[in-house]
Amino acid sequence: MALNMNNKRPIKAMDDKFSELITTEMNSFKSKIRKPIKRLSENARVSHYENQLSKNIFADINCPTDSEGNEIMIRVKNLSKIFGKHPESAMKLLKNGMNKEEIHSTTPNTVGLYDVSFDVKKGELFVLMGLSGSGKSTLERCMNRIIKPTSGNVIINGLDITSLDEDDLRAVRRKKMSMVFQNFGLLPHRDVKNNVAYGLEIQGVPETERMEKTKRAIDLIGLSGYEDSLPENLSGGMKQRVGLARALATDPDILFMDEAFSALDPLIRADMQDELQRIQSELNKTIVFVTHDLDEALKLGDRIALMKDGRIVQIGTAEEILQNPADEYVCRFIKEVDRTKILTAGTFMKKPRGVIQASQGPRTAIKIMEEYDRNNLLVIDKGNHLIGMIESDDVLNVIKSGGVLNDAIIRDIPKVGIETPMKDVIQIMITTNFSIPVVNENDVLLGVVSPSVAAEALNAGGDL
Ligand SMILES: Nc1ncnc2c1ncn2[C@@H]1O[C@H](COP(=O)(O)OP(=O)(O)OP(=O)(O)O)[C@@H](O)[C@H]1O
Ligand SMILES: [Mg+2]
């Protein structure tokens, strides 16, 4: 027995020693391989994202279209976000008709969004507008799933991203979306080119390709020559250009911009708005643009969603909202707008009453003038192209002298396009006393804006 005990001890001691040795060696080995393994797994993850994206996530998914066949890039369906504990009870109260204010004062919850639904078309610049706290940022962050909605769906390009796991979600975000922030979000120790390259780096894009794409984005945004500058040496406007270039470098389908120009001086801000419009006409991205500034919304938005207390009060084009404000709140919101700046000739043009073709005779011209009780007429050719205008005195002189209608045509007359702001049409009208023709890019006559209609536009602007 004693012998046995004695025999066992050295064996146990040897076992312990051996086990200690193995553990130490294993730990040392593990620590040596941990970093490469981590790197390997990150790389694997990048390619996993790529695979997920190219093979699984969007494969076999059809992008929905609207009734006119436009692709819908983002579909938001009954989206709600309640901040605080027990959001379900707040949701119930909302369903029963309680408003945001009442929920806030009677429960520990805040309503960020409630039952928001809309579509954003591919290539659309969609503006979310509203007063502070109305839910713009919450909505945008739910759309890119930076925050998780309490209920409802966000469907990107046909894919419901509300049900994705973290990996897939990250992959969708990296490939499909970019963000531009109000405070620029630049990395202070990186120069311009490396800030612009950041998103590509995260995507695991190889260096040569990364640098090529970075250069393209830098050129596009007018930052050439500043590649090596650090953010601290750039003005606010330049910093935001870097932010925009970084967002565009990854060539995302969707750009989310939250008050991106709000921190800029008015003139720089106007420049950046112009720049965004120029880039948009070149790249045709889908852009969700948050602003609390009505002028900015009206200038940039293909459509605007006006928000209040976490809900959308009205969605429409600038003209639709200005012409038919949905309620008192919208009326108050747009009160300050000079409508003649926003409304265009296209809104106010009417079918021209009485035109004449150049090939017709002067006597016919007088007859048409009598019929419509006017002393001038627009002259068109067979293809409806605008040629000019005739006035009754000149036509009578032509008849007296035995000439043709052509001799009486005044060719150099003012004309406008459908996009011309009414402000400019009214300016022209001040110097003339006839209806202003509205033509397309080929000079085809589309309509006329008469002085009485222009007065109506002015009055409407004053009334609001
Ligand atoms: N993390 C949060 N926790 C609690 N409440 C929040 C949170 N984030 C937003 N809210 C609340 O949700 C509502 C909507 O806020 P949100 O930031 O979306 O408004 P906003 O329209 O973007 O305003 P601003 O123009 O000031 O940026 C507000 O009542 C806000 O207080
Ligand atoms: Mg906000």
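Here are some numbered notes to read alongside the structure, which is a predicted model.

1. Start with the overall count. The chain has 464 residues, and 32% of them are buried.

2. Now find strand β7, residues 254-258.

3. Which strands pair with β7? One is β6 (residues 177-181), which runs parallel to β7 and is joined to it by five bridges. Another is β8 (residues 286-291), also paired in the parallel sense, over five bridges. You can follow the pairing through one residue: M257 in β7 is the bridge partner of V180, and in β8 the bridge partner of M257 is F289. To get from β7 to β8, the chain passes through helix α10 (residues 266-283), and this β-α-β crossover is right-handed.

4. Next, have a look around ligand 1. The shell of residues there includes F83, T110, G112 and H292. It also takes in G130, and then S132, G133, S134, G135, K136, S137 and T138. Two elements give two or more residues to this shell, namely β2 (110-121) and α4 (136-143). Which element gives the most? That is α4, with three residues.

5. Five bridges join β1 to strand β4 (residues 151-156), and the two run antiparallel. One pair to pick out is V76 with its bridge partner in β4, V154.

6. Stay with β4 and move on to β5 (residues 159-160). These two strands pair in the antiparallel sense over two bridges, and I155 stands opposite D160 in β5. Together β4 and β5 make a hairpin with two residues between them. In the turn, N157 has a positive phi of about 55°.

7. Another sheet to trace is an open one of three strands, in the order β11-β12-β13, with mixed pairing. Which strands stand at the edges? They are β11 (355-357) and β13 (386-391); each has a single partner strand, so one side of each has no neighbour in the sheet. From one strand to the next, the twist averages 35°.

8. Within that sheet, β11 and β12 (residues 376-380) run parallel and are joined by three bridges. V355 has L378 as its bridge partner in β12. As you look along strands like these, keep one general point in mind: in a regular strand, side chains alternate between the two faces of the sheet.

9. Last, look for the helix over this sheet. Helix α17 (residues 392-401) lies across β12 and β13. The angle between α17 and β13 is about 80°.

Definitions and conventions:
Residues numbered from 1 in each chain as written. Chains lettered and ligands numbered in written order. Predicted model: local features only at pLDDT ≥ 70, side-chain atom pairs only at ≥ 80, totals over all residues. Pairing = 2+ DSSP bridges. Helix = DSSP H or I, 4+ residues; strand = E, 2+ residues; numbered from the N terminus. Right-handed = clockwise from strand over helix to strand, strands pointing away. Near = placed C-beta within 6 Å. Axes fitted to C-alpha atoms, helices over the stretch in contact; angles between N-to-C directions. Contact = placed C-beta atoms within 7 Å. Buried ≥ 20, exposed ≤ 12 C-beta atoms within 10 Å, placed from the backbone.
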